[in-house]
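This report describes selected parts of one protein chain. Please look through the sequence and the model before reading on.

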Amino acid sequence: MNGREKSDSSIVPVKSPNKSGAEAREAEGVEGRELAKGNLDQGDRGRTQGRNQPMPNALNRIREVARRDGKQRFTALMHHVYEVNRLRTAYLSLRKEAAAGVDGVTWQAYGEDLEANLQDLSGRLARGGYRAKPVRRVQIPKADGGQRPLGVPTLEDKIVQRSVAEVLSAIYEQDFLGFSYGFRAGRNQHQALDALTVGLTTRSVRAVLDADIRGFFDALDHEWMIKFLEHRIADPRLIRLIRKWLKAGAWEEGKRVRSEAGTVQGGSISPLLANLYLHYVLDLWTQQWRTRSARGEVIIVRWADDFVVGFTDPGDGARYLSDLRERVAQFGLALHPDKTRLIEFGRYAAEDRRRKGLGKPETFDFLGFTHISGRTRKGKFTIRRKTVKKRFHAKLQEVKVTLRRRMNWSVPEMGAYLAAVVRGHVRYYGVPLNSKMITAFRFQIGRIWKWVLERRSQRTRISWARMQRLIARWLPPARVCHPFPLQRFGVITQGRSRMR
């Protein structure tokens, strides 16, 4: 790197290090443009270090630069977004049966002349002629009986958003912290659940903060979002493209509603932008808080805007919650008053509450499971996880409504549908110590099926002996299919904490 590049005033430190120790010294090196000026893939076609070494692609080079220098700002990224091969890959990764946006273009219709359409899209992106369209707003029911607004972007917006997300992920996956799990490649809900359970059982946690940000996706401040993006992204064309999506608004009840805040749930770019926003607002701040302000240990696991924080010192919990309210308010956010609770929880919770003359330890819900402080048969502390009752009953009601609308289905058709429902439920909720709930779910599905079959015949009652034969024939068994958290979590992390 020459002297001119080192002294370039257009690159300045824009955020504090998000790592510590030797790792920080490696990641937070000297500022400069190394490989960020111009097109990062120009060197891909040159000589390699060894004749037999594979040639790295452009995104791998971006990942390496982002990993090596936590303050590097990337000045030329847009050409990666409108590369036709990347757009084609984005198109092929979309769901074929997904609903169309406001323009009515479906996946199949766009694919009839795919190459010409992709070339045209790439050209518009390259010359700045691409225009983001408003999303089609629909309301979908939530498990608690409420409604969740969901936006349906146009097909081209989905393609471009997915391409942008792939490019930005190459950078930000190097920055995101270990306790962030939501909507990240290679991570899923059960890894987050395992990390939380291991943290609560292996640390002397005495208090838990179960937190939720109210209306998070609708409250994101656009200007703060752009500022956070500009910590790493110095390509004005890419910033301008993201602004278009943020400002595009939505069609709802025949009217276009302009968007002054928030990002639409349903867009391919929204999960990444949400993680990026919370990375700066919550994750880095929490990392700093537990280092500078906590008296005891602090563990945290976050899935999108839903996160759980455990404290070995109960006093830390109250102070963290107070500081957290002030922190999120600075960025236009607020904690949900009904879904944010600080409770006594952990191996000492029962004893602590008994000493105060209180009842059993409180529980909290996270990712569909109610977490309970419990004991094994040998008296050892453990975390019991049970299916959240609201989700349990909501799914049964959904199945009942579906079968009532499809009473003309044959028995094999009903059996195939219900088999898929039970299989999916067991695959998610089939964790250790939850066998009673998944068995009860399968049984209740059988009862609903019996009720529907009797209702459509009106005259014939089906005996339980016959019904049990149908259940055994079609519904898969309710078996625990996940290992204990400590067993799987230890294999995945290999000693590297994903709670810190």
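## A pair of helices

A crossing of two helices is left-handed if the near helix is turned anticlockwise from the far one by less than a right angle, and right-handed if clockwise. Helices (H or I, at least four residues) and strands (E, at least two) are DSSP runs, numbered from the N terminus. The model is predicted: local features need pLDDT of at least 70, side-chain atom pairs count only at pLDDT 80 or more, and totals for chains, interfaces and linings use all residues. Residues are numbered from 1 along each chain as its sequence is written, and side-chain values use heavy atoms, with hydrogens and water left out.

Helix α16 (residues 389-405) passes helix α18 (residues 435-457) in a right-handed crossing. Their axes (lines fitted to C-alpha atoms, for helices over the stretch in contact) come within 10 Å and cross at roughly 25°; angles run from 0 to 180 degrees between N-to-C directions. This makes α16 roughly parallel to α18, a label for angles under 35 degrees. Contact means heavy atoms within 4.5 Å. Residues of α16 including F392, L396 and V399 meet residues of α18, among them F441, I445 and W449.

## An open sheet

Four strands form an open sheet in the order β2-β1-β4-β5, with mixed pairing. Strands β2 (147-152) and β5 (255-257) stand at the edges with a single partner strand each, so one side of each has no neighbour in the sheet. On average, neighbouring strands of this sheet are turned by 45° against each other, direction ignored.

Two strands pair if DSSP finds at least two bridges between them. Strands β1 (residues 135-141) and β4 (residues 250-252) run parallel and are joined by two bridges. V135 has A250 in β4 as its bridge partner.

## A hairpin

Strand β6 (residues 298-303) is mostly covered, with six of its six residues buried; buried means under 20% relative accessible area, exposed over 50%, partly exposed in between (1.4 Å probe, protein chains only). In a regular strand the side chains alternate between the two faces of the sheet. V298, I300 and R302 point one way from β6, while I299, V301 and W303 point the other way.

Six bridges join β6 to strand β7 (residues 306-311), and the two run antiparallel. V309 in β7 is the bridge partner of I300. The hairpin of β6 and β7 has two residues between the strands, and A304 takes a positive phi near 55°.

## A buried histidine

H79 lies in helix α4 (residues 78-81). H79 counts as buried because its relative accessibility is 15%.

Note on methods: Parallel < 35°, antiparallel > 145°, perpendicular 65-115°, else oblique.
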